[in-house]
Amino acid sequence: MNLALPILVPTLPALGAAAGLATGKKFPGLARPLAVLPVAVSAVLAVVVAVQLGTGQSLDAATRLTPTGGPDVSLALHLDGFSVLISLLVGLVATLVQIYSTAYLKDDPRYPSYAALVSLFTAAMFLVVYSGDLIVLLVGWEVMGICSYFLIGHHWETEDARSASLKAFLVTKLGDVPFLFGIFVLGADAGSFRITDVLAAATEGRLGHPTLIALLLLGGVAGKSAQFPLHTWLPDAMAGPTPVSALIHAATMVAAGIYLVARLMPVFLLSSAALVVLAVMAAVTMVGSALCALAQDDLKRVLAYSTVGQLGYMAGALASGDRDSAVFYLVGHGVFKALLFLTAGVVIHAAHTNSISAMSRMPDLRKRVPDAYWAMGIGLVALMGLPPFTGFFSKESVFTAAEHAAHGEALTRGAGPAAAVPEAAGWIVLVAAGLTALLTAAYSTRLWLTAFHGRTAGAPAAAPAAGAPYSPEIDEADPATAEPAAMRWPLWVLAVPTMAFGLLGLRDSWLPSLLDGGSLRPTLATSVLGTGLAVAGILISYAAWRAASARQAAAGAAPADPGRLLLGPVYRFAQHGFGVDRLYSALFVRPTAAAARLVNFLDREVVETYVRGAGNGANALGWLVRRAQTGNAQSYLNALLAGAVLLAVLVAVGT
């Protein structure tokens, strides 16, 4: 393979970003081609690289970047089935997001900088995926962090956007601190930062501190992939433009943590404790986020909590020792979650609100956005995991992995040495995944029915409720105007793999051969279990919606929220994320602020008092000395004589 091709994949979007930032103000007409073309070409090159690499093959190339006195840092490529598959997802979603954004933000004066940052974001994710050195991977990891800060805060005029961008940056950085130390310890144990050398050291059992390394790395994974307890930044990140949400939630930032664990799976397989921790983290994330999604009124926050829960599925597969199913789920989820967010943008653009309850008062909403209506239906069915959509096959692969782990039959699938994946980890994931499947179907059905079928017959149309969430990027044009083609056809491009990608896992000569070669076919038991739970969730949510509608029909108003009926007293807690933000505020934010105020007081009132005292003392001494210097010779002689007399008296007394 010509090495220029994989090198160009991350380089072109980076160059496009630099050109966009340099020319955006002077030549705004170049912003759109500079946004779309480099990313689109990179996507095509990623396909070429995948085809040339083939299945069951890998490519490693490196040159030493800098000596360190220890393990060297290398500019390295490490390509295999995992990296090229995820690069295809990144290229597809990023290209469609850039095309979609040309219409969605067509009147935004800061579009050139926005588009440049999206390109840089894409380049950083490509770097993470293709990098063969952990330090270079860390560069892409951190570049994504700063890009997310700027993109989430794109509408910096609003307080929500400013606070959300800062929160995302700080929470992910909190996870990056142990992550950085984990990379250092891993490099020291393996004697190299090269991924191939690290995997060889793990396979041969040469790592001295596998549990410490795995737990430290999980800190960064929890931050980037929004896993409990560092998940709180992702729902608030919805303050950014909706296409950014599609990019973050589908193909870039949150996917990086899952990809890293899959890439370093042999390291994690050496530590049963780390796998149990990962399983508990995934279980709490899955169930908690699904409950929160069932209580949200903001359309984008429902999808955000959904992303958190689906990432929990992927983490659960990794905790079960099966990276194939985790990556399978990652790619499938990336496709249908990008579809859901882009359709959400169309719906919000037409409804002029993010509020699901406000949308329920708009009787003709689904007629105004027919493309989004059907495309969102496709995405939600995939999210529920109903056959034959992609979400069914990817979800069932996670169930299968957890089932095998629960019975002591963990599937390492070539990821490294056979490891004793704790049965407890498998049971934790299996039970949590089942409950999450039920809740996912419930909140997806609630979203669909409330947003598009909420108004009862004969109920009068109403304006959006006071205080309903509003996105600053919404175009204030006539809401009846059809959405631009650039916002419609990307939905159908994503709808195709949403319906068909999962079928690639049925034959071992297709998708499995690109990964570790194990079967991705669902088993009968897990298929019946997962599908049954999803159908039960649909029926329960539908029954709650009908009951809520019946209660409100007599009043001639929009139906009440079925989520409130389903959750009961838990609704209020789930609506506010079970108070995790308040807990963090009480445990960390307030003590830190109090400590800052104490330091400020000590600095101003104590330290500065001593500093001012020293200065005032010197001034007083200078004043006294200055007063003594009168320039009168007679006064000087008198003082001299008085001093001589005093000395003579003292001498006489002393003798």
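1. Buried stands for under 20% relative accessible area, exposed for over 50%, and partly exposed for what lies in between, with a 1.4 Å probe and protein chains only. An α-helix has 3.6 residues a turn, so residues three or four places apart point the same way.

2. Before going on, please keep in mind that this is a predicted model, in which local features need pLDDT of at least 70 and side-chain atom pairs count only at pLDDT 80 or more, while totals for chains, interfaces and linings use all residues. Residues are numbered from 1 along each chain as its sequence is written, and side-chain values use heavy atoms, with hydrogens and water left out.

3. Back to α2, which covers residues 31-53. Helices (H or I, at least four residues) and strands (E, at least two) are DSSP runs, numbered from the N terminus. With 23 residues, α2 reaches 33 Å from its first C-alpha to its last, close to the 33 Å expected at 1.5 Å a residue; the expected span is 1.5 Å times one less than the number of residues. Just after the helix, Gly-54 has a positive phi of about 75°.

4. A cavity is a set of points on a 1 Å grid over the protein atoms alone where a 1.4 Å probe fits but cannot get out, and lining residues have an atom within 4 Å of a point. Grid points are joined across faces, edges and corners, and a volume is the space filled by probe spheres set on the points. The count comes to 1 cavity of 30 Å³ or more, and the largest cavity holds about 40 Å³ of space. Its lining is made up of Gly-16, Gly-20, Ala-31, Leu-34, Ala-35, Pro-112, Ala-115, Ala-116 and Ser-119. Elements giving two or more residues to this lining are α1, α2 and α4, and α4 has the largest share, with 4 residues.

5. The lining of the largest cavity has 6 nonpolar residues, 3 polar and no charged. Here Ala, Val, Leu, Ile, Met, Phe, Trp, Tyr, Cys and Pro count as nonpolar, Asp, Glu, Lys and Arg as charged, and the others, Gly among them, as polar.

6. Ala-226 counts as buried because its relative accessibility is 0%.

7. Two further loops have backbone features to check. Pro-387 and Pro-388 are joined by a cis peptide bond with omega of about 5°, and Pro-388 sits in the loop between α18 (370-384) and α19 (390-406). His-352, in the loop between α15 (323-351) and α16 (356-359), has a positive phi of about 65° although it is not a glycine. At 18% relative accessibility, His-352 counts as buried.

8. Is Phe-573 buried or partly exposed? Phe-573, in helix α25 (residues 571-575), counts as partly exposed because its relative accessibility is 44%. Leaving aside neighbours within four places in sequence, Phe-573 is in contact (heavy atoms within 4.5 Å) with Phe-578 and Gly-579. Phe-573 and Cys-292 are 281 residues apart in sequence and 8.3 Å apart in space, C-alpha to C-alpha.

Note on methods: On a 1 Å grid over the protein atoms alone, a cavity is a set of points where a 1.4 Å probe fits but cannot get out, and a pocket is an open set with protein on both sides within 12 Å along at least five of seven lines; lining residues have an atom within 4 Å of a point.
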